[in-house]
Structure formats: structure tokens, C-alpha cells
Amino acid sequence: MGKYDYLIVGSGLFGATFAYRAFKKGKRCLLIEKRPNLGGNLYCENIEGINVHKYGAHIFHTNNKTVWDFVNSIVEFNRYTNSPVANYKGCLYNLPFNMNTFYQMWGVKTPEEASKKIEEQKREALRSLNGREPQNLEEQALSLVGKDIFEKLIKEYTEKQWGRKCTELPAFIIKRLPVRLVFDNNYFNDSYQGIPIGGYNRLIDGLLEGVECRTGEDFFQSVCPSTGKMWKDSWREIADRLVFTGPIDQYFNYSLGKLDWRTVSFETRIVETANYQGNAVVNYTSHDVPYTRVIEHKHFEMFGQQVYDCPKSVISEEYSTEYKEGMEPYYPVNDEKNNGLAESYRKMATQETNVIFGGRLAEYRYYDMAPVIEHVLQII
Ligand code: FAD
Ligand code: UDP
């Protein structure tokens with residue numbers, strides 16, 4: 001093993017994009033990944049001819065043309081448009097909140113009627129805010145869409161997803177959801193969205209083509225064959241710089257304390273029907289169903305007759321839980337305690353020489369895929 005310009009820890013989108021750019025610039029890279037497969041949370045497993053999003057459903061979306069052109073230069077994307085449906089106690093509503101939802105909720109048929117109804121629904125919340133900014137998710141939601149939608153489509157789903165009361169969560173989480181006075185079920189406002197044709201593994205394979213990768217290597221627990229010592233203790237002997245995409249608190253040996261995470265688990269099964277729920281994503285927004293949503297993976301990549309040409313289907317029920325040792329950390333917990341702690345770790349990170357911290361885990365930020373790529377394109 002010779003001297004590398006970069007040792008990259010983690011093969012998620014941050015690590016893989018970084019490796020791609022560095023490799024193109026003639027840098028010598030070694031990437032290590034603790035899981036048996038590359039791709040981080042984007043990794044898909046093929047079951048019954050269907051790409052199953054093993055670590056959660058991923059829909060690529062962005063407004064940034066540079067990012068969109070970049071990913072399309074690696075693999076072509078299809079025309080998938082995310083339009084989830086919400087199931088509240090057996091009644092179905094379109095998401096995001098748009099004229100279809102308002103019709104289903106209140107029977108209103110025109111934007112004017114919907115607008116009037118929303119204003120009426122918001123009145124009480126706006127009165128109690130009395131001109132000040134919403135301080136938490138509940139206040140934000142009530143002042144954005146009012147009582148009925150909050151109670152049927154937001155409150156219990158959010159509590160299931162985050163394991164906290166809506167009054168204890170930051171307002172910005174819900175600002176991600178658009179409210180529209182048109183009949184448009186497209187979940188995202190972005191100009192570009194889709195799924196890589198042939199699945200996300202093709203994106204990752206394309207990014208990592210030619211890059212030396214080793215799976216099953218944990219930076220903190222595995223021994224680097226050329227130094228005979230742990231990667232964490234000896235990486236400076238084999239590489240000039242480290243790109244670290246694992247959890248930031250672990251890098252610093254939890255010296256300031258542990259960060260909290262939310263995690264998700266999936267119950268995936270094959271169903272003996274070509275079309276199980278007629279949509280890729282159905283959210284279950286009430287407490288009486290324990291999971292948050294059901295994903296039917298084939299609908300991300302199969303359209304029209306293709307759905308029926310593949311006789312079976314694969315579905316995943318998604319459960320959101322508190323993180324415990326040994327689980328996969330998924331979502332940073334955005335409360336005061338954790339944000340403060342993360343900020344302290346981020347300050348420590350700036351003092352580390354020749355180490356780049358990047359991605360969801362190392363920055364402890366709620367990042368979608370496109371901003372992760374945008375960040376990498378800015379730094380290399
Ligand atoms: P990761 O994909 O987590 O990669 C980090 C990698 O580092 C992992 O492979 C991990 O195994 C490895 N690693 C960690 N520690 C070590 C170690 N000690 N040694 C070696 N390797 C290590 N974004 C969207 O744009 N659209 C979506 O629809 C969407 N859906 C999502 C759904 C879920 C359930 C989740 C959790 C995220 C979703 N995201 C979505 C966000 C998206 O997953 C992230 O933006 C993206 O995965 C970030 O890439 P990353 O490289 O930072 O992290
Ligand atoms: N949300 C909700 N009801 C839904 C879908 C989402 O209340 O049916 C809320 C929930 O608080 C969630 C936030 O909106 O955390 C953002 O949802 P999004 O689907 O964008 O988040 P993701 O799970 O994809 O990160």
C-alpha cells in the first residue's frame with residue numbers, strides 16, 4: 001500500500017462524490033466502508049427484479065442545474081415524480097397540501113373557497129401568535145395550514161417520526177412541506193427530480209469507478225493491513241488527508257458527550273401481487289398504525305405496463321425509533337441540546353489538521369442528497 005492523497009471514510013454520497021472528483025484530478029484515493037456494500041444510505045438490494053431501497057426511500061430532487069447535470073453525467077435519471085398519499089384512519093388525502101387535499105378535507109372546489117377555509121382554520125393560531133414568529137413545529141403548522149390538517153396529517157405522523165411532541169420540535173422541519181392552491185400533487189417544488197435508471201447502485205458504481213475501495217473496514221475498529229494498527233491511529237502514515245463522513249462525536253471519542261439520533265427500521269416483504277398500493281409512498285398519519293409509511297419500491301422505477309410485467313411486489317413498512325448503540329444513526333435530532341453539542345464538535349473539527357468532515361453524520365445536519373453533492377463540488 002503506497003501513500004495516498006486521501007483516505008476517505010464512508011462510501012455514502014459524500015464520500016463517493018469526493019472520491020470521484022479527487023480521482024478525476026489525478027489524486028490517489030483509498031476509500032474504506034464499514035458496511036459490506038458501497039453507497040451508504042443509497043444502497044439498493046435487488047429482490048424479485050425490483051430495486052429495494054434498503055436504507056429508506058430516496059428521491060433525488062434539486063433546483064441546482066449544476067448538481068442535476070453532474071448526476072446525469074454519471075447515470076441517466078427517470079421521470080419519477082414523488083406524490084405521496086396520506087392515510088388517516090382509512091381516509092386518503094393527497095400530499096403535499098394542495099387543492100386535492102383541501103377538496104378531500106373540506107369539499108372546497110376553488111382556490112378562493114380553499115383560501116377562505118384555510119384562513120378560518122389559521123385564525124386562532126395567528127391570534128395567539130399575535131405577530132411573533134412561530135417558535136416550534138406546532139405553531140408553525142397551525143399558522144401555515146390550520147387545525148384540521150395539523151390534526152389529521154401532521155401531528156401524529158410527526159410525533160411518530162420524531163418521538164417528540166410537536167411543541168418540542170423546531171419550526172423549520174415543517175417549512176419543507178409546500179402549501180399550494182393548485183391541483184398539483186408533486187411533493188417537491190424543485191425543477192429537477194427522478195431516480196437513476198437502473199437504480200442508485202449505478203450512480204454509486206459510476207462515482208466510484210476506478211477508485212480503490214475496501215468494504216467491511218471500520219475506521220475505529222479495523223486494522224489497516226499496511227500499518228498493522230487501527231485505521232484511526234495510523235491513517236497519517238498512509239495518506240496526506242482524511243475525508244471523514246462518519247459520526248462526528250465518534251471521531252472525537254464522545255469527549256463532549258454523545259449526540260442523539262433518530263433511526264428508522266424497515267419490515268420488508270414480498271407480496272404476491274403486481275400492484276399492492278398503487279403508489280410508491282403511502283404515509284400513515286395516525287397513531288393507530290405503528291409505522292410511519294409503506295414504500296412499494298417498484299413504483300420508483302416501473303411505470304404503466306412495466307408494473308404488471310413484474311408479477312410480484314416488494315413493500316417496506318417504515319418504523320421510526322430512538323437510536324440505541326449498534327443501530328444505524330439516520331436523522332440528527334434538532335433540539336437545543338443536540339444542536340449546541342454538535343456546534344461544539346464542529347468547532348473542534350475546525351482544529352483538526354488535514355481532516356475534512358462532510359455529510360449528514362460528520363456535520364450532524366439534516367441534508368438531502370443534492371446539497372451533499374453541492375458541498376462536495378464546492379470543495380474539490
Ligand atoms: P451516508 O449515506 O450515511 O454515508 C456514510 C457512510 O459512512 C455509510 O456508508 C457508513 O456505513 C459509513 N461509515 C460510517 N462510519 C464509518 C466508519 N467508522 N468506518 C467506515 N465507514 C463508516 N435525501 C434526498 O435527497 N431525498 C430523499 O428522498 C431522501 N430520503 C431519505 C430517507 C431516509 C430514511 C434517510 C435517513 C435519508 C434520506 N435522504 C434523502 C438523505 C440522504 O440519505 C443523505 O443526504 C445522504 O445519504 C448523505 O450521504 P452521506 O455520505 O453524508 O451519508
Ligand atoms: N410530515 C407530516 N406529515 C406527512 C409528511 C411529513 O407531518 O404526511 C412532516 C413531518 O414532521 C416530517 C416533515 O413533515 O418530519 C418533513 O417531511 P419530509 O417527508 O420532507 O421528510 P423526510 O422524511 O423525507 O426527511
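Helix 5 (residues 137–144) is largely enclosed by the rest of the structure, because 7 of its 8 residues are buried. The model is predicted. The domain assignment of the protein chain gives domain 1 (4–81 + 193–258 + 333–379), domain 2 (97–186) and domain 3 (261–322).

**Helix 5**
- The buried residues of helix 5 are Leu 137, Glu 138, Glu 139, Gln 140, Ala 141, Leu 142 and Leu 144.
- Helix 4 (111–129), helix 6 (147–162) and helix 7 (172–175) are the elements against which the buried residues of helix 5 pack.

**Domain 1 and domain 3**
- A distance of 26 Å separates the C-alpha centres of domain 1 and domain 3.
- The contact between them involves 14 residues of domain 1 and 15 residues of domain 3.
- On the side of domain 1 that touches domain 3, strand 4 (residues 50–53) gives the most, with 4 residues.
- By residue class, that side of domain 1 has 7 nonpolar, 6 polar and 1 charged.

**Nonpolar cores**
- The largest nonpolar core has 69 residues, and Leu 7, Ile 8, Ala 19, Cys 29 and Ile 373 are those with the most contacts inside it.
- Helix 1 provides the largest share of this core, 8 residues.
- This core lies between domain 1 and domain 3, because both give residues to it.
- Another core, of 25 residues, lies apart from the largest one; among its members are Met 99, Phe 102, Ile 118 and Leu 142.
- Leu 142 is also one of the buried residues of helix 5.
- Leaving out residues up to four places away in sequence, Cys 29 touches Tyr 4, Asp 5, Tyr 6, Ile 8, Ala 19, Ala 22, Phe 23, Val 211 and Glu 212.

**Helix 1 against helix 8**
- Helix 1 packs with helix 8 (residues 200–208) at an angle of about 35°, and the two axes are 8 Å apart.
- Helix 1 contributes Ala 16, Thr 17, Ala 19 and Tyr 20 to the contact, while helix 8 contributes Ile 204, Leu 207 and Leu 208.
- The residues of this contact comprise 6 nonpolar, 1 polar and no charged.
- Ala 19, which is in this contact, is also listed among the residues with the most contacts inside the largest core.

**Ala 342**
- Ala 342 is located in helix 12 (residues 336–350).
- Ala 342 counts as buried because it has 20 C-beta neighbours inside 10 Å, and 20 or more is the criterion for a buried residue.
- Apart from residues up to four places away in sequence, Ala 342 touches Leu 259, Pro 332 and Tyr 364.
- From Ala 342 to Gln 221, the separation is 121 residues in sequence and 23 Å in space, C-alpha to C-alpha.

Notes. Residues numbered from 1 in each chain as written. Chains lettered and ligands numbered in written order. Predicted model: local features only at pLDDT ≥ 70, side-chain atom pairs only at ≥ 80, totals over all residues. Axes fitted to C-alpha atoms, helices over the stretch in contact; angles between N-to-C directions. Helix = DSSP H or I, 4+ residues; strand = E, 2+ residues; numbered from the N terminus. Contact = placed C-beta atoms within 7 Å. Nonpolar A, V, L, I, M, F, W, Y, C, P; charged D, E, K, R; others polar. Domains from an automatic or database assignment. Buried ≥ 20, exposed ≤ 12 C-beta atoms within 10 Å, placed from the backbone. Core = buried A, V, L, I, M, F, W, Y, C linked by C-beta atoms within 7 Å.
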